[in-house]
Amino acid sequence: MHKNKTITIGGESVKPGENKLLKIPIDRLPTGTLIDIPAYVFNAKKPGPTLLVQAGLHGDEINGIEIVRRMLAEKLFHISAGAIIAVPVLNIFGFIHFSRDVPDGKDVNRSFPGTKSGSMAGRIAYHYMTSILNQIDYGIDLHTGGSQRHNFPQVRYTEKDEESAKLAEIFNAPISFPSKLIKGSFRNAAFLMKKPTIVYEAGESMRLDDYSILEGMQGILNIMSHFGMAQPIAPPYVQRSKTAHIDIRKWLRAPTAGMFIPKISNGSEVHKGQILGIVSDTYAKHTKTIKAPFDGLIFCINHQAVVNQGEALFHVGKKTVELKRR
């Protein structure tokens, strides 16, 4: 049973019935300008769970940032029960440099739980962990594909974690599947603290994709509605009765170097042997086809037009079970 509680971040408290913008001081730019992580806290009077909605863990993954920004602008986090901590941009340094990582080249999402006096990525992870993670009940981590890889909207949850699997089902993205924990990741740190967390992946880095944004907003609202934090919106941004669940996944790689021409749209269902794309030399002398290894669906496509042999081009999954939304 969830209880009313005061949320404290950076030495400042937000009592039940209050909404505040708080900041976690992290580091300074070489110019001396202080950089901090903004965290919006919405704390209702009525008891309920505390939900973390965060984006920008990788600074170039802007679809998640836009999801949080748009929900703030539309006042969708003004809840009637529980509390929401909304973090639009976790990796401020990566965001202002249009980069996945921080300036020293380290990945914040491989640096958890971090250290107080370590690298910049480690310090960001440490301050974030100690300021926020111990106060939440559930987490939604918003990401996109990287390196020109476009992810069809999907939710990844932790293997053998029933609570995160349930959270993924409630979110109700077009696709969901279990994913192994990665050492140093935020999701791994949350799992070790018994904080059920899901990762929403949609779109690609440095490109806004409205469909991916709307799917993410609707998924967050589905979870808020499920926990009695807010009423469902009508009409919904997107609507479906079920999500496609996959547990067999395979990357299809470039059979040779050349120009890559996809022949199918992301999110499409495919059948075994179907031609998904071609890789051809620039003189049209040699062309190789890429075929579906089994019946399934495509949930990631590489948008790089010129590829080298072995580069990942399509992520294909075998649809095994369809989970109906509860």
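Student: How far apart are the centres of domain 1 and domain 2?

Tutor: The centres of domain 1 and domain 2, taken over C-alpha atoms, are separated by 31 Å. Domain 1 covers 7–227 and domain 2 covers 246–319, with bounds that come from an automatic or database domain assignment. This is a predicted model, in which local features need pLDDT of at least 70, side-chain atom pairs count only at pLDDT 80 or more, and totals for chains, interfaces and linings use all residues. Residues are numbered from 1 along each chain as its sequence is written, and side-chain values use heavy atoms, with hydrogens and water left out.

Student: How many residues does each domain put into the contact?

Tutor: Domain 1 gives 13 residues and domain 2 gives 13 residues, where contact means heavy atoms within 4.5 Å.

Student: And how much area do they bury between them?

Tutor: About 1,100 Å², of which 52% is on carbon and sulfur atoms. Buried area here is the accessible area (1.4 Å probe) that two parts lose on being put together, summed over both.

Student: Which residues of α6 are buried?

Tutor: Among them are Ser212, Glu215, Gln218, Ile220, Asn222 and Met224.

Student: What span should α6 have, and what are its end C-alpha atoms apart?

Tutor: Helix α6 (residues 210–226) should span 24 Å at 1.5 Å a residue, and its end C-alpha atoms are 24 Å apart, which agrees. The expected span is 1.5 Å times one less than the number of residues. Just after α6, Gly228 has a positive phi of about 70°.

Student: Which residues have the most contacts inside the largest nonpolar core?

Tutor: Phe77, Ile85, Tyr128, Ile132, Ile220 and Met224, in a core of 70 residues. Another core lies apart from it, with 16 residues, including Ala254, Val279, Ile290 and Val316. A nonpolar core is a set of buried Ala, Val, Leu, Ile, Met, Phe, Trp, Tyr and Cys residues joined through side-chain atoms within 4.5 Å. In soluble globular proteins, nonpolar side chains tend to be buried together.

Student: What does Phe77 contact?

Tutor: Beyond neighbours within four places in sequence, its contacts include Phe42, Val53, Leu72, Ile84, Ile220 and Met224.

Student: Now Arg70. Buried or exposed?

Tutor: Arg70 is buried, with a relative accessible area of 16%. Arg70 sits in helix α1 (residues 62–73) and touches Asp210, Ile213, Leu214 and Met217, not counting residues up to four places away in sequence.

Student: Where is Arg110?

Tutor: In the loop between α2 (92–96) and α3 (120–131). At 37% relative accessibility, Arg110 counts as partly exposed.

Student: Which residues does a cis peptide bond join?

Tutor: One joins Phe112 and Pro113, with omega about 5°; Pro113 is in the loop between α2 and α3. Another joins Ala234 and Pro235, with omega about -5°, and Pro235 lies in the loop between α6 and β11.

Student: What about Lys160, what phi does it have?

Tutor: Lys160 has a positive phi of about 65° although it is not a glycine. Lys160 lies in the loop between β8 (149–158) and α4 (162–171) and is exposed, with a relative accessible area of 87%. Met206, also not a glycine, has a positive phi of about 60°; at 38% relative accessibility Met206 counts as partly exposed.

Student: Last one. Where does UniProt place the transmembrane region?

Tutor: The unreviewed UniProt entry places that feature at residues 76–98. UniProt positions are in the numbering used here, feature names are shortened, and annotations may be inferred rather than shown by experiment. In the model, residues 76–98 are 22% helix and 30% strand, and the end C-alpha atoms lie 27 Å apart.

Key
Helices (H or I, at least four residues) and strands (E, at least two) are DSSP runs, numbered from the N terminus. Buried means under 20% relative accessible area, exposed over 50%, partly exposed in between (1.4 Å probe, protein chains only).
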